[in-house]
Amino acid sequence: MLTVAGESRQAAIMNQREQMEQRGQWRITVWEEENFQGKRCEFMLECPNILDRDFQKIRSIKVDNGPWVGYEYPEYQGQQFILEKGDYPCYQAWSGNSSYRTEHLLSFRPIKCAKHSDSKITLYECEDMMGRKFEMCDDYPSLQAMGWCSKEVPSIKVNSGAWVGYQFPGYRGYQYIFERDRRQGEYRNYNEFGTQAHSNQIQSIRRIQH
């Protein structure tokens, strides 16, 4: 029969083992220059400030296991960019169809709740998750074509998984990451979409690949 101390040790060992298993699920390599040149470093955990690793910037990325989200500034501030499994030799690769130039990233973290095959999100026509709502379980390159009668989404509830919303149709413009395990999945107004959000305009949305 385990004593209290023994149970605590066993729980600590199990927790450590679980953390090690989780670390293997996320792996990203970053380079200081474009096209995978210059100083490089591999991560399996979040990095709130690449400058603390004697980097000047991140200008190319390889995601072995993901997904991740990269940020324009330290401490997860500024524009955010989804980084799914694959190669990003330059900023155009992570910017996608965005017209906003962010030529380097300075912080990044894994997205741990992404479940592409089991994702549900609810959009609301008013702030604080009020008014008409629409539940989604699939990708929509145009919310208006789907039947959403506005260019704006005032509030969002992530029921499961993780999503990325875009300012314009066709997955273009500012990117906003919405996760079930952050803010309890509740984004009550556009100020909670991201530090770069200046309006509640979202016109396309998709599930994050894992």
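I began at Y124, which stands opposite K133 in strand β9. The model is predicted, so I kept to its cut-offs: local features need pLDDT of at least 70, side-chain atom pairs count only at pLDDT 80 or more, and totals for chains, interfaces and linings use all residues. Residues are numbered from 1 along each chain as its sequence is written, and side-chain values use heavy atoms, with hydrogens and water left out.

**Strands**

I took helices (H or I, at least four residues) and strands (E, at least two) as DSSP runs, numbered from the N terminus. Two strands pair if DSSP finds at least two bridges between them. I found β8 and β9 (residues 130–136) paired in the antiparallel sense over five bridges. They form a hairpin with three residues between them, and D128 in the turn has a positive phi of about 60°. I then looked at β10 (residues 155–160), which runs antiparallel to β8 (residues 120–126) and is joined to it by five bridges. There, L123 has I156 as its bridge partner.

**Salt bridges**

I counted 13 salt bridges, each a side-chain nitrogen of Lys or Arg within 4 Å of a carboxyl oxygen of Asp or Glu. One of them joins E103 and R59 (3.7 Å, N to O). These two sit 44 residues apart, E103 in the loop between α2 and β7, R59 in the loop between β2 and β3. I noted that E34, R59 and E103 are linked in a network.

For accessibility I used relative area: buried is under 20%, exposed over 50%, partly exposed in between (1.4 Å probe, protein chains only). R59 is buried at 18%, and E103 is partly exposed at 30%.
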